[in-house]
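Please read them beside the sequence and the structure.

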Amino acid sequence: MRQSPPLTAIFAIPLLLLFLFPSSNAHNITQILAQHPEFSTFNHYLTITHLASEINRRLTITVLAVDNAAMSSLLSKHLSVYTIKNVLSLHVLVDYFGSKKLHQITNGSALTSSMYQATGSAPGSSGYVNVTDLKGGKVGFGAEDDNGNLDAVYVKSVKEIPYNISVLQISQVLTSTEAEAPTPGPGQLNLTAILSKQGCKAFADLLIASGADTTFQENIDGGLTVFCPTDTVINGFMPKYKNLTAPQKISLLLYHGIPVYQSIQMLKSSNGIINTLATDGANKYDFTVQNDGEEVTLKTKVVTAKVTGTLKDEEPLVVYKVDKVLLPRELFKVAPTTKAEAPKAAKEAAAAAPAADSPEGDDVGNQTADNNGASGLDGGRLIMVILSLSVGFLAL
């Protein structure tokens, strides 16, 4: 008599299907537009301005694409690539507008924020876009700072993944005086001036006095993330800072920068050890990024600091505010444990021992897998296990 299949084999089948047909809502704007040659120029500039990567990281978004002829009109103005980025970011709405929704707008008109507004690059409300349902089935689009003009109209839907991403073609580039204003390139951005205006003047002054500002400035073009302690935090730390040697001061300040652009979404999804501008061979000067829900913390093994706000986010530069000075273990020691605290500290250390002070050869991925327990099976081996179970089931 034929035996009933084991429960493990029964459950293996749906698990296998999940691997073969993932339910992820991830989208790739470059691949979407690549299927339509008429948008090749628009697609190209989304890539070189890094807007494509930002679009791919976001959910609930609408891209107002223009064809090659419309892009030629924009390029004839000979704007810098940084200004073109502002213009194109005006065409990325941080809300979902499918073709049906365009004709179902409450009161027939909506003012929606674009990525130009959301990133803080737009002065005032110039980063908002007016979407209006017009007579004859037409839908008009216009920048808020264009005196109410609806320069562009809806042409067709290119791709819709409800309520994730919608790509709509409009007739021409949106006109905006503010977006087309000359924009300095990243190399022209003065980091210490930005910090001084955003409540980090004390930190900026230390960068200038030590000469560390040059290293920060030189790294902007390639991508730079800065963690800035506020003026109050720096003022309270100054007695300890003054006891450091000149090289130690520079290392401490460089420890507050990482030579890569990390948006807040990227920080939340990349828990693990990160090198800094102070990293130099054996002198690791690294720290661990960890998040709990919406809270991002930076752990140096000497102190744990929280990211409390974003002061500037314009790829390739992002500046975050932190509530403590980041103290590297290469310069600062943890205060010795008192006798009364020793038993408790020893117990906690023993419990944490397997996860702490891992061998030099261990990488971040292995540490994360160990901490997650079940993650010890990598994707390849897990799929092989499921396939084996499935074959066994089919053979019964």
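1. Helices (H or I, at least four residues) and strands (E, at least two) are DSSP runs, numbered from the N terminus. The model is predicted: local features need pLDDT of at least 70 and side-chain atom pairs count only at pLDDT 80 or more, while totals for chains, interfaces and linings use all residues. Residues are numbered from 1 along each chain as its sequence is written, and side-chain values use heavy atoms, with hydrogens and water left out.

2. Strand 3 pairs with strand 4 (residues 128-133) in the antiparallel sense, over five bridges. Ser113 is opposite Tyr128 of strand 4.

3. Another open sheet of seven strands runs in the order 9-8-14-13-12-11-10, and its pairing is mixed. Thr310 faces Tyr320 of strand 14.

4. On a 1 Å grid over the protein atoms alone, a pocket is an open set of points with protein on both sides within 12 Å along at least five of seven lines; a cavity is a set where a 1.4 Å probe fits but cannot get out; lining residues have an atom within 4 Å of a point. Grid points are joined across faces, edges and corners, and a volume is the space filled by probe spheres set on the points.

5. The second largest pocket has a volume of about 290 Å³. It is lined by 20 residues, of which Glu54, Arg58, Thr119, Tyr261 and Asp313 are the closest to its centre. At least two lining residues come from each of helix 4 (51-57), helix 6 (81-89), helix 8 (115-118), helix 14 (264-269) and strand 13. The lining of this pocket has six nonpolar, seven polar and seven charged residues (Ala, Val, Leu, Ile, Met, Phe, Trp, Tyr, Cys and Pro count as nonpolar, Asp, Glu, Lys and Arg as charged, and the others, Gly among them, as polar).

6. There are two cavities of 30 Å³ or more. The second largest cavity has a volume of about 50 Å³. Its lining includes Phe203, Ile234, His256 and Val325. Helix 12 (231-242) is one of the elements that give two or more residues to this lining, and helix 12 gives the most, with four. Nine residues of the lining of the second largest cavity are nonpolar, one is polar and none is charged.

Key:
Pairing = 2+ DSSP bridges.
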